[in-house]
Amino acid sequence: MVVVTTIRREVLTLPAAPLGPDNPLPALRPLDEVHHIEDRDRNELPHDMARQVGYAPLHSLLPVRVRDGYGRAREPRRIDALVLENDRLRATVLPGLGGRVASLVHKPTGRELLYRNPVLQPANFALNGAWYSGGIEWNIGATGHTTLSCAPLHAARVPAPDGGQMLRLWEWERLRDLPFQVDLWLPDGSDFLHVGVRIRNPHERPAPTYWWSNIAVPEERRVLAPAEEAWYFGYERRLRRVPVPAYDGVDRTYPLNSTYAADYFYEVPDGRRRWIAALDESGGGLVQTSTDVLRGRKLFVWGAGPGGRRWQQWLTEPGTGGYCEIQAGLARTQLEHVRLEAESEVAWLESYGPLDAPPPAGEWDTAVRRTEERLEAVLPRADVEAAYVAWKPYADAEPGEILSAGSGWGALEVLRSGWKLPGTPFPESTLDEAQEPWRELLHSGSFPEPRRFRPPGESLVAPHWRDLLETAPAGPLTEYHLGVAQWHAGDRAQAVRSWERALELAPSVWPLLRCLAVADQEAGHHERAADRYAEAFDDLCHERLPHCLNGVGGTPIAGETWTAATAALGREAIEALLRVGRPADARSVWGRLHPATRERGRFRLLEAELLLAEGRRAEARAVFDEGFEVADLREGDERLGRVWDRIGGEELPHAYDFRMRPSSS
């Protein structure tokens with residue numbers, strides 16, 4: 001047999017909004033994650049589900065930073081891609097953007113099997129902010145879209161089981177401190193893309209893990225899965241069991257039949273083949289199946305209501321069709337985390353490809369049976385199991401040609417621990433400026449103090465790094481990072497003491513004052529928090545006076561890190577001051593932000609709130625009438641509507657309507 005599978009580099013040119021700088025303030029609080037349930041619902045859950053829903057929920061994004069520096073001004077941008085291709089399928093992968101499969105084309109028919117977004121527009125859906133829609137994304141870490149959504153992964157060629165080539169993607173997932181890999185394999189002559197996934201726990205302790213493969217497909221489909229019940233989760237944050245396909249008199253397996261955004265986690269019976277398909281009215285579309293370890297199947301819909309339509313427009317460009325997502329995960333629902341034992345791994349194989357089945361309309365059981373029969377005919381369940389068995393020995397194969405580089409965090413962990421991770425090398429050559437002070441701490445036992453003023457670098461919070469910080473000489477930056485690690489560990493009193501000690505030594509106090517202000521807020525001391533925020537912003541402006549504006553003018557200095565720090569701290573300070581009824585102090589902070597910052601949509605919304613606090617309702621209304629876009633509007637965030645209601649306007653204008661649940665909820 002002649003193997004014709006190829007892997008090649010390609011450059012895509014897409015209208016894209018730049019990601020911008022990360023937020024340099026440590027993420028001491030998680031972003032508001034909408035995917036959690038009321039405690040009252042847990043008593044109604046199966047025992048294993050209830051246990052996993054309560055297992056190791058995410059309390060902090062640390063050590064990951066928030067990515068909120070993007071806007072909505074799109075320009076043509078060159079994006080590196082890797083194309084995996086045989087004589088039947090062509091898969092386009094974006095290694096620099098989470099390793100997403102942006103396109104999967106069935107060559108004999110020319111059909112695009114996925115929803116392929118024609119633009120790259122970051123939006124605030126990932127656990128740490130920036131995310132974009134379309135294609136197949138790999139979600140690891142904790143409930144929500146991965147922090148790696150817009151981050152580079154390592155990529156390389158590796159040998160495939162049939163003698164050809166696989167494309168391997170791998171990285172170090174920092175929320176749970178776990179390495180993972182994704183191997184994409186197109187056997188010669190196959191209509192199916194095989195994807196081998198492995199998550200390893202090299203630690204001497206169990207670790208929570210999480211995985212969902214999210215597949216965007218056009219929404220004018222019927223979604224089929226082998227289930228008669230589903231767990232319904234809406235943005236009312238209630239989880240309940242519902243029948244499939246219909247409840248409340250509506251067939252919910254057609255995405256456009258729902259009014260509001262919702263998740264349907266299908267209850268696939270034990271022993272039943274794991275699969276999900278999205279088929280058009282003629283029976284054509286995409287099917288995903290896997291080995292049984294990947295247990296869960298889900299449908300996500302935006303809904304046909306105004307909020308869902310607005311989100312769809314927000315994520316792409318006018319005239320683009322909408323999409324829904326079919327998904328597959330390690331647990332029944334995305335609200336659960338799975339225990340991965342010490343020094344163990346979990347692995348499985350997924351398959352993606354075209355399916356031409358009988359038209360899916362009509363009686364549910366019949367449609368499911370016919371679709372499953374067609375799947376069995378084109379890709380028998382036994383063949384998927386055999387592909388997994390064939391792939392597994394190759395999971396340890398060492399990469400050949402390196403095609404793309406990820407971060408240096410995995411290299412730092414391997415350097416610290418000496419772990420051997422066959423198949424996923426993390427060489428020291430990938431270490432960069434972000435890891436350098438931590439490597440020095442590892443080698444010398446001392447954390448380097450900066451020679452010039454600059455925002456602190458990234459903190460590490462795992463127990464082994466916290467131990468090293470605790471035994472290092474007590475410099476101000478050491479105490480700062482130690483406080484962040486202690487905060488993450490739940491020792492908030494000790495974190496406050498570390499930050500307070502650092503205040504006595506630090507030439508730059510605004511990072512410490514900001515941390516102490518967050519601690520005050522979390523403890524309910526909002527007036528003291530406002531004082532500290534005001535003092536922190538004063539100190540930052542004094543330290544980098546050209547960057548902030550004084551009362552008579554000024555010029556911003558170069559350096560996007562300082563720009564990001566000033567914007568982030570200014571926003572938090574204004575919100576804290578408004579919370580305790582101090583609009584004059586908030587106005588003082590506002591006046592020292594650079595005009596370019598004040599023009600960003602998030603700050604236009606903040607301006608409207610400031611004007612309302614000053615009793616200037618007509619001017620607040622004028623901000624809305626002039627129009628603005630909050631680029632980092634959070635999934636489920638209802639702040640736009642709440643501010644509009646305070647202004648006393650009529651029905652919320654469509655441009656600001658992102659509601660994902662009934663207004664009475």
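Trainee: Let's start with one side chain. Is Arg 174 buried or exposed?

Mentor: Keep in mind that this is a predicted model. The idea is to look at relative accessible area, where buried means under 20%. Arg 174 has a relative accessible area of 13%, so it counts as buried.

Trainee: Where does Arg 174 lie in the secondary structure?

Mentor: Look in the loop between β10, residues 165-173, and β11, residues 178-185.

Trainee: And which residues does Arg 174 touch?

Mentor: Leaving out residues up to four places away in sequence, Arg 174 touches Pro 63, Val 64, Trp 409, Glu 458, Ser 459 and Leu 460. Take Trp 409: it sits 235 residues from Arg 174 along the chain, yet their C-alpha atoms are separated by 8.0 Å.

Trainee: Glu 458 is on that list. How should I read a charged pair like that?

Mentor: Here's the general idea: side chains of opposite charge can pair when their charged atoms come close. In this model, the side chains of Arg 174 and Glu 458 form a salt bridge, with N to O at 3.2 Å. This pair ties together distant parts of the chain, 284 residues apart: Arg 174 is in the β10-β11 loop, and Glu 458 is in the loop between α7 (436-444) and α8 (463-471). Both Arg 174 and Glu 458 are buried.

Trainee: Which residue forms a salt bridge with Glu 650?

Mentor: That's Arg 621, with the closest N and O atoms 3.1 Å apart. Here again the pair links distant parts of the chain, 29 residues apart: Glu 650 is in the segment after α18 (639-647), while Arg 621 is in helix α17, residues 617-626. Glu 650 is exposed, with a relative accessible area of 52%. Arg 621 has 24% relative accessibility and counts as partly exposed.

Trainee: How many salt bridges does a search of the whole structure find?

Mentor: It finds 60. For the charges overall, compare mean positions: those of the 79 positive and 97 negative charges are 1 Å apart.

Trainee: Now zoom out. What does the secondary structure come to, and how compact is the protein?

Mentor: Count 18 helices and 27 strands. The C-alpha trace spans about 75 × 65 × 50 Å along its principal axes.

Trainee: What share of the residues count as buried, and what is exposed?

Mentor: Of the 665 residues, 59% count as buried. The protein exposes about 25100 Å², and carbon and sulfur atoms supply 49% of that. For contacts, take those between residues at least 6 apart in sequence: 72% of them join residues at least 24 apart.

Notes:
Residues numbered from 1 in each chain as written. Predicted model: local features only at pLDDT ≥ 70, side-chain atom pairs only at ≥ 80, totals over all residues. Heavy atoms only, no water. Helix = DSSP H or I, 4+ residues; strand = E, 2+ residues; numbered from the N terminus. Buried < 20%, exposed > 50% of the residue type's maximum accessible area, 1.4 Å probe, protein only. Contact = heavy atoms within 4.5 Å. Areas by Shrake-Rupley, 256 points an atom, 1.4 Å probe, with all protein chains shown as cover. Lys, Arg positive; Asp, Glu negative; His and termini not counted. Charge placed at Lys NZ, Arg CZ, Asp CG, Glu CD. Salt bridge = Lys/Arg side-chain N within 4 Å of Asp/Glu carboxyl O.
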